[in-house]
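Good morning, and thank you for coming.

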Amino acid sequence: SAQLNDLAVAAGLKYFGTALGEGTINSDSQYAAILNDKREFGQLVPENGQKWDSTEPSRGQFNYNQGDITANQAKRNGQGLRCHTMVWYSQLPNWVSSGSWTKATLTSVMETHINNVMGHYKGQCYAWDVVNEAISDDGQWRNSVFLRTFSTDYLPLSFNLAKKADPNTKLYYNDYNLEYNQAKTDRAVELVKIVQAAGAPIDGVGFQGHLIVGSTPSRANLATTLKRFTALGVEVAYTELDIRHASLPASSSAQVTQGNDFANVVGSCVDVAGCVGVTVWGFTDKHSWVPGTFPGEGDALIYDSNYRKKAAWTSISSVLAAA
Ligand code: G3I
């Protein structure tokens, strides 16, 4: 039967992709076999390997061992690459987050980091998440060394630095819980406008899509929310999709609901011109960040922990085949 990336491309999307867990790929051959199949996953994104704590753990010491795992795998398999992430409050080494910076010194630190890392991957990334999670769930600007030093001026600064480092990749703002069209979503609309008003380049907004079974918005409401951003002239994508069960084990009816929720998310992307693709944040319930962060929750992905396709996989394939 047809596989998800092939179906997604036939439905008019650019790709259906997955995150690659750097700790998993060389230790689990079943994981590797599915991930390496470009008919299933047309694009890869490193789950952790390109983050600041991995690429520049101490000042000026750059390391690409982890990030290159995904980039090399994608190259070998003929898969695309999304790149993740530059300016983020988390997985940020202490030397950055606890440094005492002026605007000038932090600008120089950001410029060095962005030039090195984006320079290393130059020409390989379909898109880069330039700024990640700059907004709190209540819609306030998220506290970080970047906000404290620059106020919101770090937003256009980051995009301008990224453009200089790799002029041909799509530059994204990426965040979670934008899907609910609430105060946080309003602030993300404002963020795009701030960057644009400063004359800085922004090409896309990533909806991470860390959602909950039974609480996922409808296909129509999701499409309405995506269109708030495409109306500003940027593309959109689902960048880290997983839909977790709030309690486990999941009943068979909860599995069906999960499938419908996945179909609504993927369907909303198909419905919106300017929604370019969907990336799941891992694909098997055997390996996911969810239970570590939300104890007792999980089974958020499209293959079960024995690598059997779930109802969620079938629902996605159906919604893509129907498009
Ligand atoms: O690599 C170390 C290992 O050496 C050490 O022994 C071990 C002990 O804790 O930790 C390992 O690092 C962990 C890393 O994942 C790699 O497995 C970190 O503790 C752990 O915090 C880290 O979690 C990642 C998380 O981001 C951190 O913020 C998850 O894997 C990753 O899935 C998650 O991804 C984020 C996106 O980047 C942004 N959006 C939200 C999403 C989910 O939180």
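Predicted model: local features only at pLDDT ≥ 70, side-chain atom pairs only at ≥ 80, totals over all residues.

Strand S3, residues 80–87, is mostly covered, with eight of its eight residues buried. Buried here means that 20 or more other C-beta atoms lie within 10 Å of the residue's own; a residue with 12 or fewer is exposed, one in between is partly exposed, and the C-beta atoms are placed from the backbone. Strands, as DSSP runs of E with at least two residues, and helices, as runs of H or I with at least four, are numbered from the N terminus. Residues are numbered from 1 along each chain as its sequence is written.

Which strands pair with S3? Strand S2 pairs with S3 in the parallel sense over two bridges, and strand S4, residues 127–132, runs parallel to S3 and is joined to it by four bridges. Pairing requires that DSSP find at least two bridges between the two strands.

Most residues other than glycine have a negative phi, and most peptide bonds are trans. The bond that joins His84 and Thr85 is cis, with omega about 0°, and Thr85 is placed in S3. A cis peptide bond also runs from Leu248 to Pro249, with omega near 0°; Pro249 is in the loop between strand S8 and helix H11, residues 252–271.

Strand S1, residues 15–20, pairs with S2, residues 43–46, in the parallel sense over four bridges, and Leu20 has Pro46 as its bridge partner in S2. From S1 the chain passes through helix H2, residues 29–35, to S2 in a right-handed β-α-β crossover. Right-handed means that, with the strands pointing away from the viewer, the path from the first strand over the helix to the second runs clockwise. S1 also pairs in the parallel sense with strand S9, residues 275–280, over four bridges, where Tyr15 is partnered by Gly277. Six of the six residues in S1 are buried.

Now to strand S6. In a regular strand the side chains alternate between the two faces of the sheet. In S6, residues 204–207, Gly204 and Gly206 point one way, Val205 and Phe207 point the other way, and all are buried. Strand S5, residues 170–175, pairs with S6 in the parallel sense over four bridges, with Tyr173 opposite Val205. S5, helix H9 (residues 183–197) and S6 form a right-handed β-α-β unit. S6 also pairs in the parallel sense with S8, residues 235–244, over four bridges, and there Val236 is the bridge partner of Val205.

Apart from neighbours within four places in sequence, Trp128 is in contact with residues including Cys83, Met118 and Ala162, contact being C-beta atoms, placed from the backbone, within 7 Å.

What surrounds the ligand? The residues around the ligand are Gly23, Glu47, Asn48, Ser90, Gln91, Gln208, Glu240 and Trp289, each with its C-beta atom, placed from the backbone, within 6 Å of the molecule. One of these, Gln91, lies in the loop between S3 and helix H5 and has a positive phi, near 45°. Why is Gln91 classed as exposed? Because Gln91 has 12 C-beta neighbours inside 10 Å. Tyr89 lies in the loop between S3 and H5 as well, but counts as partly exposed because it has 16 such neighbours.

That concludes my presentation, and I welcome your questions.

Notes:
Contact = placed C-beta atoms within 7 Å.
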